[in-house]
Amino acid sequence: VYNTVLIVHIVLSIFLILIGELLGCYYIKNYLVVELGKINDSLFVLHFSLITTALSIINVPATGLTIAREDFQFTSFVEIAIAIIKLFLVLLLLVFSGNRLRLFAGIMCGLTIVQLLLYQIYCWKKDKDVIRFRINKDKSDYIAIANFTSWSFLGSIACVGNTQGAA
């Protein structure tokens, strides 16, 4: 199940990057109202945001496995440490004299990579039998996971629409 979910999340991440690059670059270059000198900064942030989101999606199976194993001590340690590091690095932005927008995008991407590595290494050490990478050849498993994911995605979109629709 872990390997099937991981492959589905990797495919979703690739799909997100492709669609995000196509639509995002088109939107930034044709519709976004920013100074001409800031277009490259906008594209930089788009690329790093897509990478950050894709890595977060890929990390979902490892995070889910850690939570399913009820190892809340590790999860809370990582989440608190990442939050404290984010706070420190964002405060660092106050004294940084360069391009703060690019630095912020880089910081968020870097922290997502650290978080991904921490969860992957931890799961690899704790659950070697579960996360050993094997490609599942049973298509019905992929269909079941994709079906569940699509319904969860639809529910999430409905929730966002409900809470953010008026805004």
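This is a short talk on how some of the helices in this structure are arranged. Please keep in mind that the model is predicted.

I will start with how helix pairs are described. Two packed helices are characterised by the angle between their axes and by the distance between those axes.

Take α1 and α2. Their axes come within 9 Å and cross at roughly 165 degrees. Angles over 145 degrees count as roughly antiparallel, so α1 and α2 are roughly antiparallel to each other. The crossing of this pair is right-handed. Sorted by class, the contact of α1 with α2 has 20 nonpolar, seven polar and two charged residues.

Now the second pair. Helix α2 covers residues 39–68 and helix α4 covers residues 100–126. They pack at an angle of about 20 degrees, with their axes 9 Å apart. Angles under 35 degrees count as roughly parallel, so α2 and α4 are roughly parallel to each other. Here the crossing is left-handed. In the contact of α2 with α4 there are 17 nonpolar, 10 polar and two charged residues.

That leaves α6, residues 139–164. How far apart are the end C-alpha atoms of α6? They are 36 Å apart. With 26 residues at 1.5 Å a residue, the helix should span 38 Å, so the two values agree.

Which residues of α6 are buried? Y142, I145 and T149 are buried in this helix. As for what covers the buried residues of α6, that includes α1, residues 2–30.

Notes: Residues are numbered from 1 along each chain as its sequence is written. This is a predicted model: local features need pLDDT of at least 70, side-chain atom pairs count only at pLDDT 80 or more; totals for chains, interfaces and linings use all residues. Side-chain values use heavy atoms; hydrogens and water are left out. Axes are lines fitted to C-alpha atoms, for helices over the stretch in contact, and angles run from 0 to 180 degrees between N-to-C directions. Helices (H or I, at least four residues) and strands (E, at least two) are DSSP runs, numbered from the N terminus. Angles under 35 degrees count as roughly parallel, over 145 as roughly antiparallel, 65 to 115 as roughly perpendicular and the rest as oblique. A crossing is left-handed if the near helix is turned anticlockwise from the far one by less than a right angle, and right-handed if clockwise. Ala, Val, Leu, Ile, Met, Phe, Trp, Tyr, Cys and Pro count as nonpolar, Asp, Glu, Lys and Arg as charged, and the others, Gly among them, as polar. The expected span of a helix is 1.5 Å times one less than its number of residues. Buried means under 20% relative accessible area, exposed over 50%, partly exposed in between (1.4 Å probe, protein chains only). Contact means heavy atoms within 4.5 Å.
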